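These are my notebook entries on one structure. I record what I looked up, in the order in which I looked.

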Amino acid sequence: MTTQATQDPGATPAVAVLGGGVMGGTLVAALRQGGWPGDRVTVVDQDATKAAALADEHDVRTATLPDAVAAADVVLVAVKPDVVPAVLEQVAPVLRGGALVTSVAAGVPLRVYEDALPAGTPVVRVMPNTPALIGKGASAIAPGRAAEEGHLVLVERVLAATGLVERVAEKHLDAVTALSGSGPAYAFYVVDALAEAGVLLGLPRDLATRLAVATVEGAAAMVAQTGDHPAVLRERVSSPGGTTVAGVAALDAHAVRAGLVAAVRAAADRSRELGAG
Ligand SMILES: NC(=O)C1=CN([C@@H]2O[C@H](COP(=O)(O)OP(=O)(O)OC[C@H]3O[C@@H](n4cnc5c(N)ncnc54)[C@H](OP(=O)(O)O)[C@@H]3O)[C@@H](O)[C@H]2O)C=CC1
Ligand SMILES: O=C(O)[C@@H]1CCC=N1
């Protein structure tokens, strides 16, 4: 770990990650996994010990927020949504001309950044998810008014090791947040419930967990690889009068589909609330 941010216009863009929590740490790890040089990544957290631990773990730099931002070509905001305005107040006076500002904060609209930062600052919102840590993430990115093709390409480069990256219009980001941003939690919930059901029926827990994980992983991969509609693939599992239709009927009786739709709608509503401040 080194403790100073530097500026070198000819090198890989310098990235300052503001917030060394779950998502900031995930993105630092992904940058390094993607081959981003450690001396071109600086992590900042209000808890200097946390930032130093992250810097040690990933062999990146740490610095104060003003020093990190002043040296950055890309500022990546990874603090909680309610902290964003205070962080932007600190960023605005020291931001380099032409630097790109990106943020993973749920809900906070582009206009909040554009109003707080110098006129013409390119801003790109990013909604990643935690499987980015293992290169299996799903992210969507949405450009602000001053963000051009080159800025989106740069964000895609930053996210290169995280997995799928989709470009969307900002109006879709609340839905994206609710579906893929929060989505790993729903998937973990399903895997946990399936494994627990196996244990209820007498399977050893480690076996039940392995079977649940492989089943969910295999089913998702099958949708991706075949391109078939999930309902068609579900029909193929369902022999007439067999076990699967009995299981799916129980899911319907417990309104599981409606529950998942309600979960995504509730998360999107919450994303909009976070954006409203
Ligand atoms: N977790 C996830 O799956 C996802 C999160 N996001 C978004 O990522 C953002 C961060 O979430 P997450 O990583 O989960 O949250 P965390 O609380 O884990 O991380 C936020 C970090 O920022 C630190 N922090 C707070 N204020 C400042 C400041 N002024 N300067 C520097 N650092 C500061 C916090 O310190 P302290 O703990 O002391 O407050 C904490 O370490 C949120 O906006 C969220 O919407 C987006 C997609 C997925
Ligand atoms: O729960 C949250 O608010 C964040 C945003 C998406 C995933 N985690």
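Predicted model: local features only at pLDDT ≥ 70, side-chain atom pairs only at ≥ 80, totals over all residues.

I take helices (H or I, at least four residues) and strands (E, at least two) as DSSP runs, numbered from the N terminus. Residues are numbered from 1 along each chain as its sequence is written, and chains are lettered from A and ligands numbered from 1 in the order in which they are written.

**Entry 1: the chain overall**

I looked up the secondary structure of the protein chain and found 12 helices and eight strands. Along the principal axes, the C-alpha atoms fill a box of roughly 70 × 35 × 30 Å. For burial I used C-beta atoms placed from the backbone: a residue is buried if 20 or more other C-beta atoms lie within 10 Å of its own, exposed if 12 or fewer, and partly exposed in between. On that basis 36% of the 277 residues are buried. Two residues are in contact if their C-beta atoms, placed from the backbone, lie within 7 Å. Of the contacts with a separation of 6 or more, 68% join residues 24 or more positions apart.

**Entry 2: domains and records**

The domain bounds come from an automatic or database domain assignment. The assignment gives domain 1 (15-170) and domain 2 (183-275), and their C-alpha centres lie 32 Å apart. I found eight residues of domain 1 in contact with six residues of domain 2. For residue classes, Ala, Val, Leu, Ile, Met, Phe, Trp, Tyr, Cys and Pro count as nonpolar, Asp, Glu, Lys and Arg as charged, and the others, Gly among them, as polar. The side of domain 1 that touches domain 2 has five nonpolar, three polar and no charged residues.

I then consulted UniProt, whose positions are given in the numbering used here, with feature names shortened; its annotations may be inferred rather than shown by experiment. An unreviewed entry places "domain: Pyrroline-5-carboxylate reductase catalytic N-terminal" at residues 15-107. I computed 40% helix and 19% strand for that span, with its end C-alpha atoms 23 Å apart. The UniProt feature "domain: Pyrroline-5-carboxylate reductase dimerisation", also from an unreviewed entry, is at residues 170-274. Here the chain is 83% helix and 0% strand, and the end C-alpha atoms are 15 Å apart.

**Entry 3: the nonpolar core**

I define a nonpolar core as a set of buried Ala, Val, Leu, Ile, Met, Phe, Trp, Tyr and Cys residues joined through C-beta atoms within 7 Å. The largest one has 62 residues, and Val 15, Val 17, Val 75 and Val 77 have the most contacts inside it. Helix H1 (residues 22-33) supplies the largest share of this core, five residues.

A residue counts as near a ligand if its C-beta atom, placed from the backbone, lies within 6 Å of it. Ligand 1 has 28 residues around it, and Gly 19, Gly 21, Met 23, Ala 105 and Ala 106 come nearest. H1 and helix H4 (84-91) each give two or more residues to this shell, with the largest share, three residues, coming from H1. By class the shell has 16 nonpolar, eight polar and four charged residues.

Around ligand 2 I find Ala 106, Thr 177, Gly 181 and Ser 182. This shell divides into one nonpolar, three polar and no charged residues.

**Entry 4: helix H7**

In helix H7 (residues 173-181), seven of the nine residues are buried. Among them are Asp 174, Thr 177 and Gly 181. The buried residues of H7 pack against strands S6 (123-127) and S7 (137-143) and against helices H8 (183-200) and H12 (256-275).

**Entry 5: positive phi**

Most residues other than glycine have a negative phi. I noted Asp 59, with phi near 55°, in the loop between helix H2 (48-58) and strand S3 (61-62). Asp 59 counts as partly exposed because it has 13 C-beta neighbours inside 10 Å. Ala 255 has phi near 55° and is in the loop between helix H11 (243-253) and H12. Ala 255 counts as exposed because it has 11 C-beta neighbours inside 10 Å.
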